[in-house]
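User: I'd like to learn how to read a fold from a model like this one. Could you take me through it feature by feature?

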Amino acid sequence: MARISFQPSGRSVEVPAGTTLLDAVVAAGLPIARACGRDGLCGRCGVHVVAGASAIGPESEAEAAAKGRNRIDPTIRLACQARVLGDLQLTTSYW
Ligand code: FES
């Protein structure tokens with residue numbers, strides 16, 4: 001299990017390793033954009049990693065392509081594509 005904290009909301013959840021960041025956000029009851037329905041196309045589900053960047057799985061080709069296509073900051077992770085490996089903290093501008 002991994003504990004995911006969401007700043008600045010102060011909420012947190014525990015999820016099994018391998019859970020997508022997006023599913024962790026939904027489990028915490030927080031909003032997150034997902035225009036393409038988790039297909040890794042729209043780039044709207046981007047989140048910033050505050051702490052624990054090494055506790056997220058490597059960027060897939062689909063995630064890298066979506067970020068490039070949508071001109072997304074390379075430090076942002078797409079929540080529908082990135083998977084939890086351990087404890088971490090995430091933020092967005094709207095939590
Ligand atoms: S929901 Fe569209 S890229 Fe993640």
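User: What order do the five strands of the open sheet have?

Analyst: Strands of a sheet pair through backbone hydrogen bonds, either parallel or antiparallel. Here two strands count as paired if DSSP finds at least two bridges between them. Helices (H or I, at least four residues) and strands (E, at least two) are DSSP runs, numbered from the N terminus. In this case the order is 2-1-5-3-4, with mixed pairing. Bear in mind that this is a predicted model: local features need pLDDT of at least 70, side-chain atom pairs count only at pLDDT 80 or more, and totals for chains, interfaces and linings use all residues. Residues are numbered from 1 along each chain as its sequence is written.

User: Which strands stand at the edges?

Analyst: Strand 2 and strand 4 (77–78) do; each has a single partner strand, so one side of each is left without a neighbour in the sheet.

User: Let's take the pairs, then. How many bridges join strand 1 to strand 2?

Analyst: Five, and strand 1 (residues 2–7) and strand 2 (residues 11–15) run antiparallel. I4 faces V13 across that pair. The two strands make a hairpin with three residues between them, and G10 in the turn has a positive phi of about 85°.

User: And what does strand 3 pair with?

Analyst: Strand 3 (residues 46–51) pairs with strand 4 in the antiparallel sense over two bridges. There, V47 stands opposite R77, and G46 has L78 as its bridge partner. Strand 3 is also joined to strand 5 by three bridges, again antiparallel, with A51 opposite Q89.

User: Now the whole chain. What pattern does the protein follow along the sequence?

Analyst: Reading along, you get β-β-α-β-α-β-β, that is, two helices and five strands. The radius of gyration (taken over C-alpha atoms) is 12 Å, close to the 12 Å that the globule rule gives for 95 residues, so the protein is as compact as a globular protein of that length. That rule is 2.2 Å times the number of residues to the power 0.38. The C-alpha atoms fill a box of roughly 30 × 25 × 20 Å along the principal axes.

User: How much of the protein counts as buried?

Analyst: A residue is buried if 20 or more other C-beta atoms lie within 10 Å of its own, exposed if 12 or fewer, and partly exposed in between, with C-beta atoms placed from the backbone. By that test, 28% of the 95 residues are buried.

User: Which residues touch the most other members of the largest nonpolar core?

Analyst: A nonpolar core is a set of buried Ala, Val, Leu, Ile, Met, Phe, Trp, Tyr and Cys residues joined through C-beta atoms within 7 Å. The largest has 19 residues, and I4, L21, L22 and A79 touch the most other members. Strand 1, helix 1 (21–27) and strand 5 (88–91) each give two or more residues to this core. Helix 1 gives the most, with four.

User: What is L21 in contact with?

Analyst: Contact means that the two C-beta atoms, placed from the backbone, lie within 7 Å. Leaving aside neighbours within four places in sequence, L21 contacts V47, R77, A79, A82, V84 and L90.

User: Last one: is I32 buried or exposed?

Analyst: I32 is buried, with 21 other C-beta atoms within 10 Å, even though I32 is found in the loop between helix 1 and strand 3. Not counting residues up to four places away in sequence, I32 touches L22, V25, C45 and A79.
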